[in-house]
Amino acid sequence: MAKIGFGGSCHWCTEGVFQVLRGVGQVEQGFLQSKAPADTWAEGVIVTFDPSVIDLRTLSEVHLRTHSATRARSPQSKYRSAIYVFEECQRHEAEQAIARLGEESSETVHTLVLSFAGIKASDARYQNYYRTDPSRPFCRRYIDPKLAYIRQHYSKFALPR
C-alpha cells in the first residue's frame, strides 16, 4: 500500500471522490500541511491505495478533474490545490499529470506538488460525510456530480453503488 495526499476543494467532497475508487483502502480527511511557503493548514485527504489496482497517475487525474485545478489560489489558501507526495519518487508522476491536464485543456493548472508534512483530522461529524448520508443537499449538489463524472470517465475504477 502507498499513500498520497490531495487538496483543492472541500475535504468532504475530496473524501467522497476517493472513497468510490477500487484500490483505495482508506481516505483520511482533514487539514494537510507542507513546508514553507505552503505550511499553512489546508483542507485535504490522505489516500492509502494499492498501486497494483489503481496507480498514482489515475488518482492524480481523478483529483485534477474533480476540482477547479485551473483556478489560481494562494499557496496559503484553505482550499489550496495540491498533490502532497510522501516519497520523492511520486513527485515526477504528479507533475506529469498536471502537465497533461494543462496540455489537454490549454489552461494553466495551478495545482502545486508539495511534500507532505502533517495532517490534523477534521471533526468526527465530518468524517465519511458522503457515506453517512448521501441524501444531504450538499452531497447531492457538489459530490454527486463528481461521482457521476468518475463513473462515466473512470468506470473501470469505480466501485458499484
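This note goes through the sheet, the helices, the aromatic contacts and a few backbone details of the model above.

1. Basis. The model is predicted: local features need pLDDT of at least 70, side-chain atom pairs count only at pLDDT 80 or more, and totals for chains, interfaces and linings use all residues. Residues are numbered from 1 along each chain as its sequence is written, and side-chain values use heavy atoms, with hydrogens and water left out.

2. Six strands make an open sheet with mixed pairing, in the order 5-4-1-3-2-6. Strands (E, at least two residues) and helices (H or I, at least four) are DSSP runs, numbered from the N terminus. Two strands pair if DSSP finds at least two bridges between them. Strand 5 (112-115) and strand 6 (118-121) are the edge strands, each pairing on one side only. From one strand to the next, the twist averages 35°. Axes here are lines fitted to C-alpha atoms, for helices over the stretch in contact; angles run from 0 to 180 degrees between N-to-C directions.

3. Strand 2 and strand 3. Strand 2 (residues 24-33) and strand 3 (residues 42-49) run antiparallel, joined by eight bridges. Glu28 stands opposite Ile46 of strand 3. Pro37 sits in the loop between these two strands. The Ala36 to Pro37 peptide bond is cis, with omega near 10°. That bond deserves a look in the model.

4. Strand 1. This strand is largely enclosed by the rest of the structure, because five of its six residues are buried. Buried means under 20% relative accessible area, exposed over 50%, and partly exposed in between (1.4 Å probe, protein chains only). Five bridges join strand 1 to strand 3, and the two run antiparallel. Lys3 has Thr48 as its bridge partner in strand 3. Strand 1 also runs antiparallel to strand 4, with four bridges. There, Phe6 stands opposite Ile83.

5. Contact means heavy atoms within 4.5 Å.

6. His63. This residue belongs to helix 2. His63 counts as buried because its relative accessible area is 2%. Leaving aside residues up to four places away in sequence, His63 touches Phe6, Gly7, Gly8, Phe18, Ala82 and Ile83.

7. Helix 3. Helix 3 (residues 89-105) has 17 residues and spans 26 Å from its first C-alpha to its last, close to the 24 Å expected at 1.5 Å a residue. The expected span is 1.5 Å times one less than the number of residues. Its buried residues are Gln90, Arg91, Ala94, Ala97, Ile98, Arg100, Leu101 and Gly102. An α-helix has 3.6 residues a turn, so residues three or four places apart point the same way. The cover over the buried residues of helix 3 includes strand 1, helix 2, strand 4 and strand 5.

8. Aromatic pairs. The whole structure holds eight aromatic pairs. Rings of Phe, Tyr and Trp (its six-membered ring) pair if their centres lie within 6.5 Å; planes under 30 degrees apart count as stacked, over 60 as edge-to-face and the rest as tilted. Phe6 and Phe18 are stacked, at 4.7 Å centre to centre and 5° between the planes. Phe6 is in strand 1 and Phe18 in helix 1, 12 residues apart, so the pair links distant parts of the chain. Both are buried. Tyr149 and Tyr154 form a tilted pair, at 6.4 Å and 50°. Tyr149 is partly exposed at 25% relative accessibility, whereas Tyr154 is buried at 10%.

9. Cluster and charge. Trp12, Tyr126, Tyr129, Phe138 and Tyr142 form one aromatic cluster. Arg136 lies over the face of Tyr129, at 4.0 Å from the ring centre. The criterion is NZ of Lys or CZ of Arg within 6 Å of the ring centre and within 35 degrees of the ring normal.

10. Positive phi. Ser106 is exposed, with a relative accessible area of 67%. Asn128, also not a glycine, has a positive phi of about 50°. Asn128 lies in the loop between strand 6 and helix 4 (129-132), and counts as partly exposed at 31% relative accessibility.
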